[in-house]
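User: Hey, can you walk me through this one? I'm new to reading structures.
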2 protein chains.
Amino acid sequence: MTITVPAEALRQFIAAALRAVGLPEADARTVAKLMAEADLYGADGHGVFRLPQYVRRIRAGAVNVAPDIRIVRERAGMALVDGDNGMGHLVMRFAARTAIDKARASGVAWVGARMSNHAGPALLYARMLAAAGMAGLYLCVGNANHLAPWGGVELLLSTNPIAVAVPGLEEPVVVLDMATTVASYGKVKTYAQQGKPLPAGWMIDREGRAFTDAKRAAEALLLPLGGLEAGYKGYGLALVLGLLAGTLNDAAMGRAVIDFNTDDSSVTNTGHAIVAIDPAAFGDPTAFRERVDRVVREIRASQPLPGVERIRVPGERSAEKHAERASSGVPIPPALKASLDHLAADLGIAPLA
Amino acid sequence: MTITVPAEALRQFIAAALRAVGLPEADARTVAKLMAEADLYGADGHGVFRLPQYVRRIRAGAVNVAPDIRIVRERAGMALVDGDNGMGHLVMRFAARTAIDKARASGVAWVGARMSNHAGPALLYARMLAAAGMAGLYLCVGNANHLAPWGGVELLLSTNPIAVAVPGLEEPVVVLDMATTVASYGKVKTYAQQGKPLPAGWMIDREGRAFTDAKRAAEALLLPLGGLEAGYKGYGLALVLGLLAGTLNDAAMGRAVIDFNTDDSSVTNTGHAIVAIDPAAFGDPTAFRERVDRVVREIRASQPLPGVERIRVPGERSAEKHAERASSGVPIPPALKASLDHLAADLGIAPLA
């Protein structure tokens, strides 16, 4: 049976686990807060679900629990952050704050990061920008290559995601958070667990034919965004986002990306980039946010297709989920609960309840 | 019969036409050069093909032939350019040069533009960055709303494109240039002309059903990138790119976008954004460009699907086309030739030959 736990209990559990493997108190709290935020926003594959893996990697020495996260290059419009192989959440919070501070002075600031790690869902960092009144973008190199080049069969690319946030005034923040494949590998695994065939257009086999057998997904290839008709676009996006978030920062990209799902002990050298845009540099920021509201309302009030209840704007669903889970708790399915109980016993901390 | 004309003849013809409707000599040459570049790169719908429309709009007073293109807001990491309703090519060349100059000092610079016009294919401006040794992005609000919100039927969005360029050292520049729909409206029109049914997954009808009758395309809706499986991603991209390239700059977006294919006399207030990233700010720029080459070569040398001759990297095809057309000329199909001959007679200039 799926239980639900209050966000505060989740935060405390995550922080206790991270402290148990050596994170300093303040860092454990920071990471726990961001991981619980991922669950509150409904990014179920990127929150507490990742905790056992993070703990394994920390114990194996693959992540530095006492990093010296610092700016190694800096100009008015940019900074390059070296994460010293710390937890990705710490590196990206530092990078986002750096971008926001610099953008207040320079109008726009691009902050790259290298020697980082998995940092949870992209929307977290895009939303940090919006919470500071900024628009902006977040991009990163994913931590496992699940994507082949268009026309190829070798897994040389991750499903490198992009998140973009644009704040309105009264309307919820517009937040796009998307991977550059049609479906994520996580979704495929969910279908396998449920014994359902995959929708056509999610994967192809290594001969290039449509593939729908979720249980044999490991033999097949995710289709890039655009699918059979226009997958070269998703492939192109995954490539250029990876070059900008990884290669530019001298972080891992292409064959240098390790599969952190199967390898607990290698340093990932994860690359990210975050771009903060201060609307006040472009004109009256309130007028800008009113214009965003106007576009959002035009879309939301427009005529739906037959059978469509309402037209949504990106970010609405995650905001609704956050409100709902903040009040009624985060659902923890049985398999996850068992894995967290096992982790708690192993670490000698109180189980999640 | 399709003729081919040397690029120089094409440039001279375009410049003569633009001079005839009042553009100053230097501006006519600049626009002609960029329009001919579009044809050289194979962006056939965005080069000389647009000349009769540009001339109509200039004659109708919808475009300012003597604009005061200028920076109206500026900080170290950004500038906002007001195009004073000049030709988009002039505005975007100015914006790209501003971004490059500022990025040399600040590392990264974001330049927005408003009161601009159609500027040809996105790749032109991304390639300008790469020619200056920069990586970067170009985005814009398209000049006709061909896209409905996901789940809707009203055409509130353009197929807002994005182009990203990343220069290697010995390998050709990686250049992605993509619209945020599965197929462009131009491609649909080509199918209609050839009497071919559309591939499934390009359009839906206003009931949400698959639609393949190219001749009746005006009754149907383009599917956003991602198609039926994941079109909410393409919709989200079109929306956020439009907010960043249009709304942020107080340029047209949403219902405020006029259809410049059917309206010759209204000011478009087109918005664009260009972001220049100087790799030298992040470290040794040559080492960066070598890393880009390494990724490009990994991909190109990887195993193809059965039946696939070779794996391509975005930008290769347009670079090949440019080399081929620079040496053997730009093809001008009969219908286009007739329209350009008509234009020449109308303007009293020598026909293209």
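**The sheet and its neighbours**

Analyst: Chain A has an open sheet of 7 strands with mixed pairing, in the order β2-β3-β4-β11-β5-β6-β7. Strands pair if DSSP finds at least two bridges between them; strands (E, at least two residues) and helices (H or I, at least four) are DSSP runs, numbered from the N terminus. This is a predicted model: local features need pLDDT of at least 70, side-chain atom pairs count only at pLDDT 80 or more, and totals for chains, interfaces and linings use all residues. Residues are numbered from 1 along each chain as its sequence is written, with chains lettered from A and ligands numbered from 1 in the order in which they are written.

User: Which are the edge strands?

Analyst: β2 (70-75) and β7 (174-178) of chain A, since each pairs on one side only.

User: And how do β5 and β11 of chain A run?

Analyst: Antiparallel, joined by 6 bridges. In that pair, A:G136 stands opposite A:A276.

User: Switching to helices: at what angle do α2 and α4 of chain A cross?

Analyst: Roughly 85°, with their axes coming within 9 Å. Axes are lines fitted to C-alpha atoms, for helices over the stretch in contact, and angles run from 0 to 180 degrees between N-to-C directions. That makes α2(A) roughly perpendicular to α4(A) (65 to 115 degrees).

User: How many residues of chain A are in contact with chain B?

Analyst: 69, meeting 69 residues of chain B; contact means C-beta atoms, placed from the backbone, within 7 Å. α7(A) gives the most to chain A's side, with 10 residues.

Terms used
Angles under 35 degrees count as roughly parallel, over 145 as roughly antiparallel, 65 to 115 as roughly perpendicular and the rest as oblique. Two residues are in contact if their C-beta atoms, placed from the backbone, lie within 7 Å.
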